[in-house]
Structure formats: structure tokens, C-alpha cells
Amino acid sequence: MDEYQIKRGKRRLKQIFSGLAFIILLSVGWHYPLLGFFIPLCMLFGIGMAFWRGRKWCDWFCPRGSFYDAFTTPLSSKAGIPTLFKNMYFRVSVLTALLAVMAFNLGLRWPDMNKIGLFFIIMLTATIVLGVILALIFHPRSWCSFCPIGTLANLSGKGRHTLKIDSESCVECKLCAKACPIGIKPYLYKKTGIQPMTDKDCLKCGLCVAVCPKKALAF
Ligand code: SF4
Ligand code: SF4
């Protein structure tokens with residue numbers, strides 16, 4: 001087994017565990033709404049980690065992202081993530097709309113913690129249904145392209161733990177793009193010498209680093 005297969009296998013195991021925990025929490029949350037507070041906790045962890053490692057949270061720590069990778073990948077058309085989903089105006093609009101819905105509902109339900117927890121469960125269920133539909137039609141990580149936590153991590157994680165490409169070593173075999181779980185094409189960043197891969201949606205998963213036959217990629 002080569003380095004790439006080992007890395008991919010370990011990541012998959014972590015994602016299965018994280019994804020299953022997600023399904024269990026979501027199911028039990030309908031009966032114990034206080035569990036819904038794991039959602040704002042995830043938001044805090046995701047954004048906090050961004051100041052240190054960019055979107056590393058979205059790799060396998062995020063239960064939702066793990067669920068998409070682990071359980072929708074075999075069923076997805078893998079047609080690719082629509083350009084619109086990566087557009088920052090679209091992403092900020094989604095973020096603003098979701099924050100507005102959240103603020104309105106918190107105000108409406110305050111100070112009943114059970115009602116607030118149930119709101120988080122309802123919101124999570126609705127968005128997971130949308131995410132699964134998008135995963136099947138387009139790409140497993142379609143939702144992650146405009147997820148509010150991902151957008152905030154993108155904006156706050158600029159330049160953290162950046163992937164670099166050695167332009168002289170790269171032979172443009174494109175294996176890195178095939179391995180990338182969020183549709184990034186690292187080889188497009190080659191120019192001269194060592195170049196930073198400036199896409200802020202990189203999950204820092206390291207799959208492209210492991211798969212590159214020329215060792216042209218590194219963090
Ligand atoms: S896998 Fe390595 S050699 Fe192949 S295109 Fe990507 S960076 Fe270049
Ligand atoms: S560019 Fe490389 S490290 Fe970043 S998400 Fe894609 S495969 Fe992972």
C-alpha cells in the first residue's frame with residue numbers, strides 16, 4: 001500500500017466515525033433538543049481552527065463534511081461543484097441569510113433552551129437534506145463550498161498553512177486534482193520556483209501531497 005492509499009484510508013476511517021456520530025446526534029437531537037447546541041459549538045471550533053490552519057476543520061473534524069465524503073461519495077454523480085457555489089458574493093449572501101434566520105429564531109424562542117436547541121436541530125436537518133441532494137446531483141462537497149462555517153473559515157484563515165507547489169518538479173499529471181476532495185487543481189498554480197496555492201478553500205487534507213509522484217507539493 002502506498003503513502004496515498006494509507007492517508008486516504010485513515011482519513012476515510014475518521015470521516016466514517018465523525019459522520020456516524022453526526023447521524024446519531026441528529027437523530028437523538030429530535031428527542032433531546034439540548035443536543036442541538038453542538039451546532040454552535042461546531043461553528044466556534046471551525047472558525048477558531050481557521051486562525052491556525054485555514055479550513056482544516058472541514059477536512060474530517062466537521063461531522064457534516066465527513067458525512068458527505070464518507071456516505072454520499074459512492075452515490076454522487078461527481079459532475080463537479082457549480083461555479084456559483086464558489087462565488088464569494090453568493091457565499092456571503094447565504095451566510096447573511098442564515099445568520100438572519102438564526103437571530104430571528106433565537107429572539108423568538110429566547111429564553112427556552114429546549115426550543116432553541118430544537119431550532120438548531122430543525123435547521124441542521126433542513127440543510128443536510130439540501131446538502132445530500134446537491135451531493136447527489138453535483139459533488140459530495142457542494143454544500144461545503146458555501147457552508148457558512150466554511151465561508152467564515154475561508155475569510156479568517158487566509159494564508160494559514162498554505163500548500164506550495166514546486167513548479168520545476170510538477171509534470172502536470174493532474175493526479176493532485178483527481179485526489180482533491182473539494183475540486184481544487186493545485187497544478188494550475190505552477191509558474192516558476194516554489195509557488196503558494198492560494199485557494200482559501202483548501203481543506204489541508206494532504207491527499208494531493210501524498211499522491212504526487214514528483215513530490216512537487218508540500219505544506
Ligand atoms: S500530482 Fe504533482 S506532478 Fe502531478 S500535476 Fe499535481 S503537482 Fe504536478
Ligand atoms: S488542495 Fe490538496 S490539501 Fe487542499 S483540499 Fe485539495 S487535496 Fe487536500
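Which residues come nearest to ligand 1? Of the 15 around it, those are Cys170, Cys173, Cys176, Tyr187 and Cys212, where "around" is a C-beta atom, placed from the backbone, within 6 Å of the molecule. By class, that shell has 12 nonpolar, no polar and three charged residues. Nonpolar here is Ala, Val, Leu, Ile, Met, Phe, Trp, Tyr, Cys and Pro; charged is Asp, Glu, Lys and Arg; the others, Gly among them, are polar.

Quick housekeeping. This is a predicted model, with local features needing pLDDT of at least 70 and side-chain atom pairs pLDDT 80 or more, while totals for chains, interfaces and linings use all residues. Residues are numbered from 1 along each chain as its sequence is written, and chains are lettered from A and ligands numbered from 1 in the order written.

OK, the core. The largest nonpolar core has 48 residues, meaning buried Ala, Val, Leu, Ile, Met, Phe, Trp, Tyr and Cys joined through C-beta atoms within 7 Å. Cys176, Cys208, Cys212 and Leu217 have the most contacts inside it. Among the helices supplying at least two residues each are α1, α9 (175-179) and α10 (207-211), but α6 gives the most, with eight. Helices are DSSP runs of H or I, at least four residues, numbered from the N terminus.

Now α8, residues 148-156: Pro148, Ile149, Gly150, Thr151, Ala153 and Asn154 are buried, that is, 20 or more other C-beta atoms within 10 Å of their own, again placed from the backbone. The buried residues of α8 pack against α2 (38-53), α5 (88-109) and α7 (142-146), with contact set at C-beta atoms within 7 Å.

Technical notes
Buried ≥ 20, exposed ≤ 12 C-beta atoms within 10 Å, placed from the backbone. Contact = placed C-beta atoms within 7 Å.
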